[in-house]
Amino acid sequence: MQGPSPEQTHPMDGFPQVCFIKNTIKNPNIVVGDYTYYDDPDDSENFERNVLYHFPFIGDKLIIGKFCAIARGVKFIMNGANHKLSGISTYPFQIFGNGWERVMPEAEELPYKGDTVVGHDVWIGFEALIMPGVRIGNGAIVSSRSVVVADVPAYTIVGGNPAKPIRQRFAPDEIAALESLAWWDWPVEKITRHLQCIVAGDIEALRHCASEV
């Protein structure tokens, strides 16, 4: 059994609101892994509209791993949204020209948080907002309408505004084992064979699956 192809756009007949993102993005500064999907009945193939203030001259990237589930209305705020903070006014006078461009800030005067990175097997709930430079660990869950302003550890559920840890999904030693097993990097044929272990909660069984050729 091969499983669905990562080259498909819509993974299954009857689910037009679900789209594999990798096959629809055009922006080279958005990098998405296989099988990560966006679920939206209002044009699921236009995920890029949810990546805001992502200006090419800034050069920051949005990097999303494999097997992530991204719900309708999730937004990623990128570094282009930032204004200069060191002066009295934060108003961007320079963008209106006509003499105001003389106060154009230098690049180093603008806050820059770096790339936004989402790990593998991450579930981001309805209308969550991810701020610039945030890193979300593998296996994490972001609750609906959360505002994520800080890094999220692997296999941690967060929620609220600002998002705070609610609980870890597994014990620390189990999380370390899951990070090491990295099932999302297995060949798709192996993933297909061992789906029951991947969706169950038995880490020891998953370890046995990993040892199989």
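L52 stands opposite I77 in β7. This is a predicted model, so local features need pLDDT of at least 70 and side-chain atom pairs count only at pLDDT 80 or more, while totals for chains, interfaces and linings use all residues. Numbering starts from 1 along each chain as its sequence is written, and side-chain values use heavy atoms, with hydrogens and water left out.

**The sheet**
- Four strands form an open sheet in the order β4-β7-β10-β13, with parallel pairing; strands here are DSSP runs of E, at least two residues, numbered from the N terminus.
- At the edges sit β4 (51–52) and β13 (147–148), each pairing on one side only.
- β4 and β7 run parallel and are joined by 2 bridges; two strands count as paired if DSSP finds at least two bridges between them.

**T116**
- You'll find T116 in strand β8.
- T116 has a relative accessible area of 1%, so it is buried (buried is under 20%, exposed over 50%, partly exposed in between; 1.4 Å probe, protein chains only).
- Beyond neighbours within four places in sequence, T116 is in contact (heavy atoms within 4.5 Å) with residues including K61, F76, M78, I130 and V134.

**V103 and the patch**
- V103 lies in the loop between β7 (75–77) and β8 (116–118).
- Its relative accessibility is 45%, so V103 counts as partly exposed.
- Together with Y91, F93, I95, F96 and W100, V103 makes a nonpolar surface patch of about 610 Å².
- Patch residues have over 30% relative accessible area and no salt bridge, with nonpolar side chains (Val, Leu, Ile, Met, Phe, Trp, Tyr) joined within 5 Å and like charges within 9 Å.
- A salt bridge is a side-chain nitrogen of Lys or Arg within 4 Å of a carboxyl oxygen of Asp or Glu.
- Areas come from the Shrake-Rupley method with a 1.4 Å probe, and for residues only the protein chains shown count as cover.
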